[in-house]
Amino acid sequence: MPEALEPRRQRRLSRERDPIEATIDLHGFGRFEAEDQLRAFLMGAHARGLRAVLVITGQGRRGGGVIRASIQEWLQSHSLRSIVSGFASAHRRHGGDGAFYVTLRRRGA
């Protein structure tokens with residue numbers, strides 16, 4: 001089950017000591033389309049052997065974004081839990097509350 005990133009790993013990503021290898025921006029998608037886009041993106045990234053990606057959700061109007069509110073549920077869903085190892089809110093330079101770092105498991109692990 002994916003869980004919060006360990007603080008050290010989150011700090012390494014925010015300071016760009018560990019590379020963010022791919023980014024997806026879910027702005028402008030509806031809830032269901034955004035979930036499909038996220039699933040396809042993460043499965044593709046995992047298949048390519050990527051370990052850390054940035055998911056931009058936006059904050060929504062007045063901070064109540066549907067995509068942002070759903071991301072944790074999606075990352076813990078049955079279809080993604082085998083490839084997602086952890087996630088955390090991004091640093092301000094990477095989108096802050098409107099973005100998440102997502103770490104992926106090693107292929108074959």
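Me: Which residues of the largest nonpolar core touch the most other members?
Reply: This is a predicted model, in which local features need pLDDT of at least 70 and side-chain atom pairs count only at pLDDT 80 or more, while totals for chains, interfaces and linings use all residues. Residues are numbered from 1 along each chain as its sequence is written, and side-chain values use heavy atoms, with hydrogens and water left out. The core has 22 residues, and those touching the most other members are L38, L42, V53, L75, V84 and V102; a nonpolar core here is a set of buried Ala, Val, Leu, Ile, Met, Phe, Trp, Tyr and Cys residues joined through side-chain atoms within 4.5 Å.

Me: Which element gives the largest share of this core?
Reply: That is α2, with five residues.

Me: And L38, buried or exposed?
Reply: L38, which sits in helix α2, is buried because its relative accessible area is 0%, where buried means under 20%, exposed over 50% and partly exposed in between (1.4 Å probe, protein chains only). Its C-alpha atom is 7.8 Å from that of L26, 12 residues apart along the chain.

Me: Switching to the surface, which residues gather in the patch of positive charge?
Reply: The patch brings together R8, R11, R15, R17 and R93; patch residues have over 30% relative accessible area and no salt bridge, and like charges are joined within 9 Å, a salt bridge being a side-chain nitrogen of Lys or Arg within 4 Å of a carboxyl oxygen of Asp or Glu.

Me: Why does R11 count as partly exposed?
Reply: Because its relative accessibility is 39%; R11 belongs to helix α1, residues 7–14.

How values were computed:
Patches are made of residues with over 30% relative accessible area and no salt bridge: like charges are joined within 9 Å, nonpolar side chains (Val, Leu, Ile, Met, Phe, Trp, Tyr) within 5 Å. Accessible areas come from the Shrake-Rupley method with a 1.4 Å probe; for residues, only the protein chains shown count as cover. Lys and Arg count as positive and Asp and Glu as negative; His and the chain ends are not counted. The place of a charge is taken as NZ of Lys, CZ of Arg, CG of Asp or CD of Glu. Helices (H or I, at least four residues) and strands (E, at least two) are DSSP runs, numbered from the N terminus.
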